[in-house]
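Student: Hey, can we go through this model together? I'd like to start with a helix and then hop around a bit.

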Amino acid sequence: MEDIKKAILDFAENSKKTKFYFSDMEKAVHKVLPDAKTRMIKKAATALINEEKLIYFSTGSSTMYGLKGRGQTEDH
Amino acid sequence: MAFEPREDQKELKYDELRIYSDEELNNYTEEELKNFKVKHDISMLEDLESGPWPSFIADAKRGALHRRKLADDRMLIERDVIEDMLGQLQISFKDGETHWKHGGIVGVFGYGGGVIGRYSDLPDKFPSIAHFHTMRVNQPASKFYHTDYLRSLCDLWEYRGSGMMNMHGSTGDIIFLGTFTEQLEPIFYDLTHILQQDLGGSGSNLRTPSCCIGRARCEWSCIDTQDMCYELTHYYQDELHRPAFPYKFKFKFDGCPNCCVASIARADMSYIGTWRDEIRIDQEAVKAYMGGEIAPNGGAHKGRDWGPFDIQKEVIDLCPTKCMWLEDGKLMIDNKECTRCMHCINVMPRALRPGEDTGVSILFGAKAPILEGAQMSLLTIPFMKCEPPYDNIKENVIEPLWDWWMEEGKNRERLGELIQRQGVSKLLEVLNIPPMPQMVKEPRSNPYIFWKEEDVPGGWKRKIEDYRARHAR
């Protein structure tokens, strides 16, 4: 779990876009950890949300993830 | 089946939950309403009130007047939120473009759905709607609620939000329209800890599951839609609140093929109650219908004289598969040809009833027109037994399907579009279901099933290289 969380944070810190879809994050984790299961990646992302390291960004119809403090983080 | 909550439910003390008195809620007269002027020009909106239908503008004006007369300490966001909303809408009508900005990082802690951020792009002119976030409240199964519960929800929203709501959104949720960011967590706390009410789904999540009235009131319901909706809502909490899907995903549960929640047109996964034995016939009641002793259609359409009931014209000739006939005054049905259109049962409910060996048909891929146009769902599993806790459906259908969609689905691609892109045969492979002739509309057109060698007894001897040597691709 910790290695997946690290891979997610590495991607979130260095990705070109500050907001990304779950599948983009999943692909980035698979580059480092090819055997990581989707459900584990989701659990790791949820843990990072609960630790307030990642944030959700929702348009209402679809949802993206972002690194807290990177890109748009205020209300607007 | 009696309702068995998954966790203890406390009794709500509505007297303590209510915020407003009846006097506060009915704080204006019709005379005051007639003379009431919203503080902005809303002349174009007021045109909408002149049409033949009830107008939301009339409702909004009532809300605006009500808030104007409430005491200052009886609401936590600005009193003129509705007036500002109307003022901005008038400008949008004039400009022909929206002044809302959608989306953002607002939400409640730990949830990826249920709150949709919305902001005005004219905050200086309309400061009371600078934030105008939407919250979705997960409706109770079949939308049964106590009026005291509804009043408590309305009070909460009047106090911490705009007081404007949609009853209900198209997915079924109760929708709270318009509040400020700082009110989101207190509303969430009051909903969950006090009213024991969860938020609904939004974003790339499982959306709030929705069901018809089911066995609570309907004799045709072949499955307990409320129980199934409740069970799957609880079982898939993680999918409801923590988005990881390519896009939205909807479950809807219809108790019979009348499809009262229109699952066939609106759900990525439609559950429709059905039977696999025979339609039950009471021949005495058939005679009573034919003799005019029982009104057809349960007595509906009585506003006009349609003449005596003609079973041949009104039932038998309208059967889409022509599987009914009269024989010596008895109604006969070739049940294997019945496609569950429900017409005969609807017309003669006391004579005909669904069979007793009931279960569910499962269909996939319906959606509204966003990308590829509207799609109806595809009947993939004609019959499956459907008993709590529904493990056969969870393990053999839902989860393999989600694994495939999460693996192969593109961002913002609905299940129906993935089926269209990869083909019905791939869907069948994922679900481990053999193809059926009814799935093929006509040869060489979609959906078309390509057989693999292992599917054909004895395989085949032909070498594709030999064939290609004679036939260019």
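Student: Okay, which residues are buried in helix 9 of chain B?

Tutor: B:Thr225, B:Gln226, B:Asp227, B:Met228, B:Cys229, B:Tyr230, B:Glu231, B:Leu232 and B:Thr233 are buried there. Buried means under 20% relative accessible area, exposed is over 50%, and partly exposed is in between (1.4 Å probe, protein chains only). Helices (H or I, at least four residues) and strands (E, at least two) are DSSP runs, numbered from the N terminus.

Tutor: Before we go on, this is a predicted model: local features need pLDDT of at least 70, side-chain atom pairs count only at pLDDT 80 or more, and totals for chains, interfaces and linings use all residues. Residues are numbered from 1 along each chain as its sequence is written, chains are lettered from A and ligands numbered from 1 in the order in which they are written, and side-chain values use heavy atoms, with hydrogens and water left out.

Student: Got it. Why is helix 9 of chain B largely enclosed?

Tutor: Because 9 of its 11 residues (225-235) are buried, the rest of the structure largely encloses it.

Student: And what do those buried residues pack against?

Tutor: In chain B they pack against strand 7 (210-211), helix 10 (237-241), strand 8 (251-254), strand 9 (269-275) and helix 15 (391-408).

Student: Which other ring does B:Tyr236 pair with edge-to-face?

Tutor: B:Trp402, at 4.8 Å centre to centre with 75° between the planes. That pair links distant parts of the chain, 166 residues apart: B:Tyr236 is in the loop between helix 9 and helix 10 of chain B, and B:Trp402 is in helix 15 of chain B.

Student: Are those two buried or exposed?

Tutor: Both B:Tyr236 and B:Trp402 are buried. B:Tyr235, on the other hand, is partly exposed, with a relative accessible area of 41%. B:Lys394 lies over the face of B:Tyr235, 3.8 Å from the ring centre. For a charge to sit over a ring, NZ of Lys or CZ of Arg has to be within 6 Å of the ring centre and within 35 degrees of the ring normal.

Student: New topic, sheets! In what order do the 4 strands of the open sheet in chain B come?

Tutor: The order is 2-4-6-5, with antiparallel pairing. Strand 2 (115-116) and strand 5 (164-167) of chain B are at the edges with a single partner strand each, so one side of each has no neighbour in the sheet. Two strands pair if DSSP finds at least two bridges between them.

Student: How many bridges join strand 4 and strand 6 of chain B?

Tutor: Those two pair over 4 bridges. In strand 6 of chain B, B:Ile174 is the bridge partner of B:Val137, and B:Ile175 is the bridge partner of B:Asn166.

Student: Which way do the strand 6 side chains of chain B point?

Tutor: B:Ile174 and B:Phe176 point one way, B:Ile175 and B:Leu177 the other, and all are buried.

Student: Last one: what domains is chain B divided into?

Tutor: Domain 1 (14-194), domain 2 (210-276 + 361-455) and domain 3 (283-353), with bounds from an automatic or database domain assignment. The centres of domain 2 and domain 3 of chain B, taken over C-alpha atoms, are separated by 31 Å.

Definitions and conventions: Contact means heavy atoms within 4.5 Å. Rings of Phe, Tyr and Trp (its six-membered ring) pair if their centres lie within 6.5 Å; planes under 30 degrees apart count as stacked, over 60 as edge-to-face and the rest as tilted.
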